[in-house]
Amino acid sequence: VIFAAATAAAARTAAGKDSEALGAAAAVGESSIGQLGIMFFGGVDWSVPVYGALMIVFVHALFIDPPRPVRAGKAERLHLASVRWFFSAVAFIHSFPLPLLGLQDVGSANMYGNLRMQGGSNHFLVPTTLLQTWHKDDIAGGAYDAFIGGVVRIEKSTSVYLNARYPGEISAVFQKRARELLLSVGHSGRQWNAPMGRVLGPQVLPPYDPSTSVKYTLAALELRRVVWEARAVNESFTIEYTRLPDGAGDELWRTEGKGTYVVLTESGTPGSRVVHCTADGEPCSPDELVLLPKPSFWPMTLMLMNPVPIVPGAINELHCFGP
């Protein structure tokens, strides 16, 4: 929760100065790979020796003789037990109920499991995003406004703000030998990490390259969030997306499913925006996702959702990605 709140707050704080910075970053060209390239300075993956040094410190700590324990009193033992139970409960809620209900997407529990949080679960035993499934057809502005709308597939975007963050590809930092190794074992040789750009700012990601960019899917709430953030920086843009039917399906549904094709074009400044929206060639209805009011404070602050890349040819299982 703290991580999501800090991430959303950082995104709002940076919004006012992003347009100029992103334009400058894009002009640098392919030689620039963002601040993420510091990890690979001089052709060396410095995370390996850094983690090796940390391992030495922690192994050494395991062999340090602890001080002789002093038997705690009953009150102190109860206090320590309550602390342990509290943090155990926090860890349990973080790992299980939040992803299952759809209240947490950006988190280590579902990231390391490569858990699908859009369009149904790929877990053998449990579902995910239950609230989004139950309330996808609810009315906007109601108690479950944050969970309506299902999943959309972003087809095209001219938004500098959006493209700098999503889908967040970081493949440009890979050394040639790393990419060759990934390809040799059947991996695509590509990787995405949009949450890093959300937390640290888009400047840490490689500049957006339209020639290699892929389509991706977003939860409806996240689409509404980024559209309002793009409006906040007075950006003119066009976003084309497909509203996928039924709210759930397999990877083939997510990557190739047919649905309502929406084109949103905006320009101008706050208070005088020119908005043109069509759905399958007809004017959008007022309840189209990108025309809905800004989501309320708590979902905007606590519910940051991942973009999920669509890798050409990968239709059987979710491609690995994440923070």
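Among contacts (heavy atoms within 4.5 Å) in the protein between residues at least 6 apart in sequence, 70% join residues at least 24 apart. The structure is a predicted model, in which local features need pLDDT of at least 70 and side-chain atom pairs count only at pLDDT 80 or more, while totals for chains, interfaces and linings use all residues. Residues are numbered from 1 along each chain as its sequence is written, and side-chain values use heavy atoms, with hydrogens and water left out.

**Overall composition**

- The protein contains 12 helices and 7 strands; helices (H or I, at least four residues) and strands (E, at least two) are DSSP runs, numbered from the N terminus.
- Of the 323 residues in the protein, 41% are buried; buried means under 20% relative accessible area, exposed over 50%, and partly exposed in between (1.4 Å probe, protein chains only).
- Accessible areas come from the Shrake-Rupley method with a 1.4 Å probe, and for residues only the protein chains shown count as cover.

- Helix α2 has 16 residues and reaches 23 Å from its first C-alpha to its last, close to the 22 Å expected at 1.5 Å a residue. The expected span is 1.5 Å times one less than the number of residues in the helix.
- Helix α2 is hardly covered, as the count of buried residues among its 16 residues is 0.
- Valine 50 is found in helix α2, which runs over residues 47-62. Valine 50 counts as partly exposed because its relative accessible area is 46%.
- Trp46, Val50, Tyr51, Leu54 and Phe58 form a nonpolar surface patch with about 570 Å² of accessible area together. Patches are made of residues with over 30% relative accessible area and no salt bridge, with like charges joined within 9 Å and nonpolar side chains (Val, Leu, Ile, Met, Phe, Trp, Tyr) within 5 Å. A salt bridge is a side-chain nitrogen of Lys or Arg within 4 Å of a carboxyl oxygen of Asp or Glu.
- An α-helix has 3.6 residues a turn, so residues three or four places apart point the same way.

**Helix α10**

- Helix α10 (residues 220-232) has 13 residues and spans 19 Å from its first C-alpha to its last, close to the 18 Å expected at 1.5 Å a residue.
- Helix α10 is mostly covered, with 11 of its 13 residues buried. Among them are Leu221, Glu222, Arg224, Val227 and Arg231.
- Asparagine 234 follows α10 and has a positive phi, near 60°.

- Glutamine 132 is placed in helix α6 (residues 130-134). Glutamine 132 is buried because its relative accessible area is 13%.
- The side chain of glutamine 132 reaches the backbone oxygen of glycine 102 at 3.0 Å.
- Not counting residues up to four places away in sequence, glutamine 132 touches Leu101, Gly102, Phe147, Met303 and Met305.
- Threonine 129 lies in the loop between α5 (108-112) and α6. Threonine 129 is buried, with a relative accessible area of 5%, and has a positive phi near 45° although it is a residue other than glycine.

**Backbone features in other loops**

- The peptide bond from tyrosine 166 to proline 167 is cis, with omega near 5°. Proline 167 is in the loop between α7 (160-163) and α8 (176-184).
- Aspartate 280 is not a glycine, yet its phi is positive, at about 55°. The loop between β5 (274-279) and β6 (282-283) holds aspartate 280.

Technical notes
Polar contact = N/O pair within 3.5 Å; in protein donor to acceptor, adjacent residues only side chain to side chain.
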